Amino acid sequence: MTTAIYPGSFDPVTRGHLDIIERASRVADRLIVSVLINSAKNPLFTVEERVQLLREETAYLPNVTVDSFDGLLVEHARKHGAHLIVRGLRAVTDFEYELQMSQTNRKIAPEVDTIFFTTSLEYAYLSSSTVKEVAGFGGDISAFVTPQVEKAVFAKIAAGRNKMR
Ligand code: ADP
């Protein structure tokens with residue numbers, strides 16, 4: 001059985017992430033989407049909220065589960081008996097970092113390999129940061145995230161503004 005881990009910040013999960021999840025779930029028998037704890041200094045959503053949103057968005061995929069992790073990714077992979085790490089490649093700018101990460105991980109854990117999915121063209125310029133930036137200015141993010149995530153993003157932004165008053 002092939003178990004794969006798809007790690008990331010997912011702050012919040014975008015249509016680009018969901019595209020990778022759906023495609024990776026067809027390749028692996030079991031796919032674990034793992035939210036990285038403490039990756040962003042100023043996250044919009046807590047780790048629990050990000051896990052919850054991902055669970056809702058992936059509920060239709062029976063072989064996908066969602067969890068969170070801290071520390072070394074390869075250790076997390078080993079704990080789950082996963083031999084594959086899934087990553088998405090958007091542009092050349094992703095490449096160097098991803099290459100370095102995958103080489104390092106393979107050095108630490110030779111039994112764990114990384115597979116890359118190239119982005120679907122319509123999501124090539126999409127990142128969680130873009131979503132937050134556009135939403136912060138009240139822009140339309142419906143092309144970037146699902147309706148549930150859109151609602152959650154605007155609710156969070158509004159809650160943050162009320163707190164500052
Ligand atoms: P970001 O905050 O940039 O969206 P994440 O850490 O949440 O990044 O991303 C996790 C993984 O998903 C990374 O491998 C990243 O390259 C990939 N990814 C993010 N957005 C997209 C997208 N639009 N298309 C394909 N892959 C993506």
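This is a predicted model: local features need pLDDT of at least 70, side-chain atom pairs count only at pLDDT 80 or more; totals for chains, interfaces and linings use all residues.
Colleague: Thanks! Which residues are the closest to the ligand?
Modeller: Those would be Y6, F10, H17, G88 and Y123, out of 18 residues that surround the ligand.

Colleague: Let's talk backbone. What lies 2.6 Å from an oxygen atom of the ligand?
Modeller: That's a backbone N or O atom of G88. F10 also has a backbone N or O atom by a ligand oxygen, at 3.0 Å.

Colleague: Which residue has a backbone N or O atom 3.1 Å from a nitrogen atom of the ligand?
Modeller: L126 is the one there. Taking the ligand as a whole, it has 540 Å² of accessible area on its own, and the protein covers 90% of that.

Colleague: What kind of space does the ligand take?
Modeller: A pocket, and it is the largest pocket in the model.

Colleague: Back to F10 for a moment. Where is F10 found?
Modeller: F10 sits in the loop that runs between β1 and α1. Its backbone deserves a look too: phi is positive, about 50°, although F10 is not a glycine.

Colleague: Good to know. Which residues does a cis peptide bond join?
Modeller: D11 and P12, with omega at about 5°. P12 has its place in the loop between β1 and α1, and that loop is where F10 is found as well.

Colleague: New topic, salt bridges. How many does the count come to?
Modeller: The count comes to 10 salt bridges.

Colleague: Which residue forms one with R23?
Modeller: D19 does, and the closest N and O atoms of the two are 2.9 Å apart.

Colleague: Where do R23 and D19 lie?
Modeller: Both are in helix α1. They are four residues apart, about one turn of the helix.

Definitions and conventions: Residues are numbered from 1 along each chain as its sequence is written. Side-chain values use heavy atoms; hydrogens and water are left out. A residue is near a molecule or strand if one of its heavy atoms lies within 4 Å of it. A polar contact is a pair of N or O atoms within 3.5 Å; within protein, one must be able to donate a hydrogen and the other to accept it, and residues adjacent in sequence count only if both atoms are side-chain atoms. Accessible areas come from the Shrake-Rupley method with a 1.4 Å probe; for residues, only the protein chains shown count as cover. On a 1 Å grid over the protein atoms alone, a cavity is a set of points where a 1.4 Å probe fits but cannot get out, and a pocket is an open set with protein on both sides within 12 Å along at least five of seven lines; lining residues have an atom within 4 Å of a point. A molecule sits in a cavity or pocket if more than half of its atoms lie within 2 Å of its grid points. A salt bridge is a side-chain nitrogen of Lys or Arg within 4 Å of a carboxyl oxygen of Asp or Glu. Helices (H or I, at least four residues) and strands (E, at least two) are DSSP runs, numbered from the N terminus.
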